[in-house]
Amino acid sequence: MRNGKEIKFNSKYPSIEDLRNRAKQRIPRFAFEYLDGGCNEEVNLLKNTSEIRDVELKPKYLNAGPESSLKTELFGHEYDAPFGIAPVGLQGLMWPNASQILAKAAFEHNIPFILSTVTTCSIEKASELTEGRAWFQLYHPSENSVRDDIISRAQAAECPVLVLLCDVPTFGFRPKEIKNGLSMPPKMTVNNILQILGKPRWAFETLMHGQPNFETLKPYMPKNLNLKHLGLFMDKLFSKRMPEEKIAPIRDLWKGKLVLKGVATEEDAERAVKLGLDGIIVSNHGGRQLDAGESTIKPLTRIAEKYGDQITVMMDSGIRSGPDVARTLASGAKFTFMGRSFMYGAAALGRQGGDHTISLLKTQLQQVMHQIGCERTSDFPDYLVDR
Ligand SMILES: Cc1cc2nc3c(=O)[nH]c(=O)nc-3n(C[C@H](O)[C@H](O)[C@H](O)COP(=O)(O)O)c2cc1C
């Protein structure tokens, strides 16, 4: 099926919360908690979803009824909606083939899909499924030879946008993952195995598709690593901090658009502008890294105001509905991304999950536009209630 897919969703699940509840029933607890949880006491996770909802929009009922459209131009491509799928690691652990399901649905609905370095689908496969439209998110390798090789593969796969991640200088402290033994890599404890036995559909699908692997990283991994050595290997493979000295050479190497993800302050936004990047994603990794940090909607407003005309400002973290997308655009973002919302969809509905979730969000956002009288997605700031 080509772009321009029909917008149709399953009326049993008309909200992301419905999908989350179903996902919780269908997948083992360790996988659900990996997806759902945040770091430490989950304060930042909660702020993301609650503070975004403090943003209010004003309807203009006496406007002549405009023909509103979700179409949004970004980096020279006209997408069918102002939202995309954020990079998520280990997707196949949460639902078998989840990366492939979401990549294909994103392509059919003409929205961006970002593939994580550490997920369970290769750059080449994601590119094939999206006819060269998938974006790629790079965890910075410690060795420049590995970095260059991954970048040239992304270039050969025709990825239009490379996303550099800067908000994981250290792994987040996530108590649920620690208890479940679900660090990098997942451990198969007796408890985890018992949880799997309680989720027969997930277990069956996992058997059919085989154990998930880090497909993009396979060429750099020694064969037959046991779980313990795999963890050490992954730790060595990536240099986590992302200072300017690491970004500048990538700007020279990468011919396409370059985006920095994880920006949470005006200072880092300014550096991104000076480094000649094309865009930033204001993000706190969905509340998984710094519990004492701000929710993303707060720095978004400041950053968009100061740098919105110098660099493309996008945002993720905490978006769970069409109205949330509208609130974020009204606060100054040109485009939005979601991580959990789409993964809840894939875990809840399997092969139908991507299509359902995108259709649902498109429908909700379209309703908001009709309701307030907003014609284009770039007009949302005119509908923001000033505080
Ligand atoms: C389970 C999980 C795994 C993630 N893995 C990655 C990753 O590999 N690379 C990355 O750049 N961001 C990763 N993220 C962060 C997302 O890209 C995104 O910033 C976050 O999910 C946005 O918040 P939301 O889930 O509230 O939409 C992950 C998020 C989750 C929930």
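Modeller: Let's start with how H1 and H16 cross: the crossing is left-handed. Keep in mind that this is a predicted model. H1 covers residues 16–26 and H16 covers residues 340–349, and the two pack at an angle of about 50 degrees with their axes 8 Å apart. That angle makes H1 oblique to H16.

So who touches whom? On the H1 side you'll find Ile16, Leu19, Arg20, Arg22, Ala23 and Arg26, and they meet Ser341, Tyr344, Gly345, Ala347, Ala348 and Leu349 of H16. Sort the residues of this contact by class and you get 7 nonpolar, 2 polar and 3 charged.

H16 has another partner to look at, helix H2, which spans residues 29–36. The axes of H2 and H16 come within 10 Å and cross at roughly 160 degrees. An angle over 145 degrees counts as roughly antiparallel, and H2 and H16 are therefore roughly antiparallel to each other. In this contact, Phe32, Leu35 and Asp36 of H2 meet Arg340, Met343 and Tyr344 of H16.

Now follow the chain past H2. The loop between H2 and helix H3 (43–51) holds asparagine 40. Its phi is near 45 degrees, a positive value in a residue other than glycine. Asparagine 40 counts as partly exposed, because its relative accessibility is 29%. Serine 317 also has a positive phi without being glycine, near 95 degrees. You'll find serine 317 in the loop between strand S9 (312–315) and helix H15 (322–330). With 7% relative accessibility, serine 317 counts as buried.

What about the inside? As a rule, nonpolar side chains in soluble globular proteins tend to be buried together. In this model the largest nonpolar core has 105 residues, and Leu217 and Phe380 have the most contacts inside it. Leaving out residues up to four places away in sequence, leucine 217 touches Thr117, Val118, Ile150, Met234, Leu237 and Phe238. Another core lies apart from that one; it has 13 residues, including Tyr79, Val259, Phe335 and Phe337.

For a contrast, go to lysine 274 in helix H13 (residues 266–274). Lysine 274 counts as exposed, because its relative accessibility is 67%.

Technical notes:
Residues numbered from 1 in each chain as written. Predicted model: local features only at pLDDT ≥ 70, side-chain atom pairs only at ≥ 80, totals over all residues. Heavy atoms only, no water. Axes fitted to C-alpha atoms, helices over the stretch in contact; angles between N-to-C directions. Helix = DSSP H or I, 4+ residues; strand = E, 2+ residues; numbered from the N terminus. Parallel < 35°, antiparallel > 145°, perpendicular 65-115°, else oblique. Left-handed = near helix turned anticlockwise from the far one by under 90°. Contact = heavy atoms within 4.5 Å. Nonpolar A, V, L, I, M, F, W, Y, C, P; charged D, E, K, R; others polar. Core = buried A, V, L, I, M, F, W, Y, C linked by side-chain atoms within 4.5 Å. Buried < 20%, exposed > 50% of the residue type's maximum accessible area, 1.4 Å probe, protein only.
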